[in-house]
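Reader: Could you walk me through this model, chain by chain and contact by contact?

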Amino acid sequence: MNDPVVAKRPAGSGDTGTERGVAAAHTASEAPIPPTPEASATTKAPHVRPGDRIFRGLATGSGVFIVVLIGAIGLFLILQAIPSLGLDNVNFLTSREWNTTDPTNLRFGILDLTLVTVVVALLALLIAMPIALGIALFLTQYAPRNLARPFAYVVDLLAAVPSIVFGLWGLFVLGPVLFPFSEWLIENLGWIPLLAKGNVNVQLGGTIFTAGIVVAVMILPIITAVSREVFERTPTMHIEGAIALGATKWEVVRTTVLPFGKAGYVSASMLGLGRALGETIAVAIILSTATSAFGWSLFDGGSTFASKIALAAPEFNDPRSAGAYIAAGLVLFVLTFVVNAIARSIVAGHKEYE
Amino acid sequence: MSTNLADPQRLATPPTFQAVSVSRRIKNGIATGLVWGAFLIAVIPLVWVLYTVIQRGFPVILDGDWWQKSMSGLLARQQGGGAYHAIYGTLVQGLVCAVISVPIGIMIAIYLVEYGGRSKLAKATTFMVDILTGVPSIVAALFVYTVWITYFGLGRSALAVSLALVLLMVPVIVRTTEEMLKIVPDELREASYALGIPKWKTIVKIVIPTALSGILTGIMLALARVMGETAPVLVLAAYAPFINYNLFDGPMASLPLMMVNERNNPTQAGFERIWGAAITLVVLITLFNLLATVISRALAPKTK
Amino acid sequence: MKIQRHGAVLGLVAASALLLGACGSDNNAPAGGDNAASNAAAAPVECGGKTNLNAEGSSAQKNAVDAFVQAYQAACPGVNVAYNPSGSGAGVKNFNAGQVDFGGSDSALKEGAETEAAAKRCQTNPAWNLPLVFGPVAVGYKVSGVDSLVLDAKTTAAIFSGAVKKWNDPAIKALNGSATLPDKDIAVIYRSDESGTTDNFQKYLKVAGGWTKGEGKQFKGGVGEGKEKSAGVAQAVGSIDGAITYVEWSFAQDNKLSIAKIDAGAGAVELTAESAGKAIDEAKIKGQGNDLVLDLDSIYGTKAAGAYPLLLATYEIVCSKGYDADTAKAVKAFLTVAATTGQAQLAEAGYVPLPKAFQEKILTAVKAIA
């Protein structure tokens, strides 16, 4: 685990004191003002103090701990899922069936779950991304100070509202309000497959449409908070430069703030997407399950990975059936993994570009 | 007509200050409108949710019993009782979780910013923290259930909940702390090293105090998130309608758990308890945020 | 420094927790005498044992257990029972894992793995299934202009499998001679979570109505849409015209749903405590000795006049032996109260009090717990 660190930074974590001293002295003579704080620490410390060693060990240990922990979670999911996957009588990836009642005849596939999960999350992201961008710009560039502060606080406060409240709000408050609008969409734009009449009752509001909007509201604070942080750090010199060149407010934003904060904004959105993919209780409360397969309409019902697991978890009593749900959890885990990897690569690519 | 002829400025150098062209002004207007529009659109659901919670829950928490009594011995349809047991559970579970996750989270962030550099372990850690951010809470709960109860044979308890919450709290703390540590100017660190102060002391005495207010905000956000978590408490601690002070044994209520429980109570009493619990949670977290603001102001390094 | 500072925050949190600790109270005894306390004039119960019992299981019996707890606390001051209504599967699992003192389940322990695990948990003694709570399941509907509706198991099965799609279908009309039924689509609502109610409902349809879609805790009808928990389905049916569902009685009442009468062959029977009690009288026990496992076919298939057959029998799963002395004492005290004075409040909460004959069998079993 520690090898790469040791190899790269012999001065910090090596065991042989003399070697380290030599290396440090060598560096010191070459570069009086080292570029990184890490290097500067090693140069001015011919021998590593015990305090430093302990502290460094603690910090590195915490890093290792988290890596091991995630590994353990992944391993746990795999170990629990494999036996059930072996017993699956339909194709796990392409079947839309989900029947785990009889542990001796498991039939479960994740196609429908994947589609519904992705569609709910994407819808939420599509709604939340532009609005979050707007709010973040508003709060950092446009808003009067006395409006920005309380509003930023309200946004943060929403992180405190538990997801079950969002679920109940979606079901009791938002659903009925959305109903006439949904009906209008289906009647007038129903020829678009995405807005066709779905497999659940629109009046009940248990549709992907409602769930997507509620999840969008839930992830809005996260995306906004992170984007705001990034936009705030746009170098004042860039902004002042643009203003000096006679740019309008919008041009300032377009030429300085957006290019600077783009990567941060995208990775914030990916974090939001990760949250949307894993949202459990709110979706379980709002989204109706349907008996027919997902038909690419926003007015369909269905289950997401997380809601499927949450709805069944209290009745887990056979490891084989439970394994089927854990396998679904594993897919969700991998999906989150991929989304985060994409976010990372976007940010990394952006840095290299600069 | 004569004005057309008298247009000498076109030939001369343009003046320093020029009127902004119409198209640019229109674009600027549209952008301003959109940004304000986004703000207004966002205000609606955000305020709406809060309004729903306050309107339905506020009358409930005005009752003194709400803050002092448990639900012990009450039938679902009987009015009365309070959320004391759940408030206690939420505070204690959140507190224990914070005690475990704050040091771990901050140490990981310190590792990433101060020690890790571009090493493979640092990259792996960053990536893993991202994954952990996205781990659905129910998966975290099932994981802890398997390890804690199935493998180690330990009982369900508030402590088990706290452990599952740690999985959810650590990544948020790491993310925010990391961002805050990165903003601390290198000059501060270098000045400290120049005075011969060891690295760990520099971090503890210079870097962290400088970033403290941001770190505290992050901790409060993380605490807000875990205190409202439902799935882990559902799987790992049974609901107790009475007060259980014991962290290590027995079922313990918490506010989200109380809401899940009362969700399946179709009477007026259940309805009131759900929204009462919701607003109680929001009030608690607001108090924490205020506290954090006060403390970070008090402890922030004096700049003058 | 760092630790101290965070310690300060956490210390304040702890302080506030302690501050609350100073004034918390479990005492909710009402001023008036309108709860079990006044009814429990002479509970023949030997109190004692540990003060906090843990239990978990079926959400269908949650309100009944609440009533039992109230009576138990009236009979034995200072005791507590935590019943966690997370679901039958969790109840059985946590009972078998030794996490709770008794489990609540919508179905008896399954022969094989479950009974073996239970025996292991009870120090190699068998676990007993005691059917302590009977909750009628209502076929609740909402159709404007239709206040009274008669269904039989066969038609119910047809509705919940999608064979009957309209409210004015000849099959429904045949059972409701005089009523005017609208030409409206039937919207079937089912439980989206896995539930013992769904399981028992499908079992009933299979025994009495020729249901071929399958059993289990997942709804197999292949029609309609699922909502989460009893609260979700009842609320959904209450909010659209033409909807129908199966849900515990109390939820149908609280959401003001109309409840269908069931015709099991001897005329339409309304759902009341009496009519459901009659069906329990018909119940036969197939378990051995004090293991009171019910033969559900005898309830669901009953043709007795005036009996409402659609019942959900929920068990308390207990160890016959193998508890430590303190736990055994408390479990026995609780179950004794539950089977006697605790029954008084059940009808109000949407359950059926135990008929006499049944009550005695259960008390015999409870006494035998060691």
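Author: Gladly! Two residues are in contact if their C-beta atoms, placed from the backbone, lie within 7 Å. This is a predicted model, where local features need pLDDT of at least 70 and side-chain atom pairs pLDDT 80 or more, while totals for chains, interfaces and linings use all residues. Residues are numbered from 1 along each chain as its sequence is written, with chains lettered from A and ligands numbered from 1 in the order written.

Reader: Which helix of chain B gives the most to the side that touches chain A?
Author: The contact draws 76 residues from chain A and 79 residues from chain B. Helices here are DSSP runs of H or I with at least four residues, strands runs of E with at least two, both numbered from the N terminus. With 19 residues, the top contributor on the chain B side is helix H2 (residues 22-61).

Reader: How many helices does chain B have?
Author: Reading from the N terminus, its elements run α-α-α-α-α-α-α-α-α-α-α-α. Chain B has zero strands, and its helices come to 12.

Reader: What radius of gyration does chain B have?
Author: Its C-alpha atoms fill a box of roughly 95 × 60 × 40 Å along the principal axes. The radius is taken over C-alpha atoms, and the globule rule is 2.2 Å times the number of residues to the power 0.38. A compact globule of 304 residues would be near 19 Å, but chain B has 27 Å.

Reader: How many residues of chain C are in contact with chain A?
Author: Chain A brings 20 residues to this contact. The partner count, from chain C, is 25 residues.
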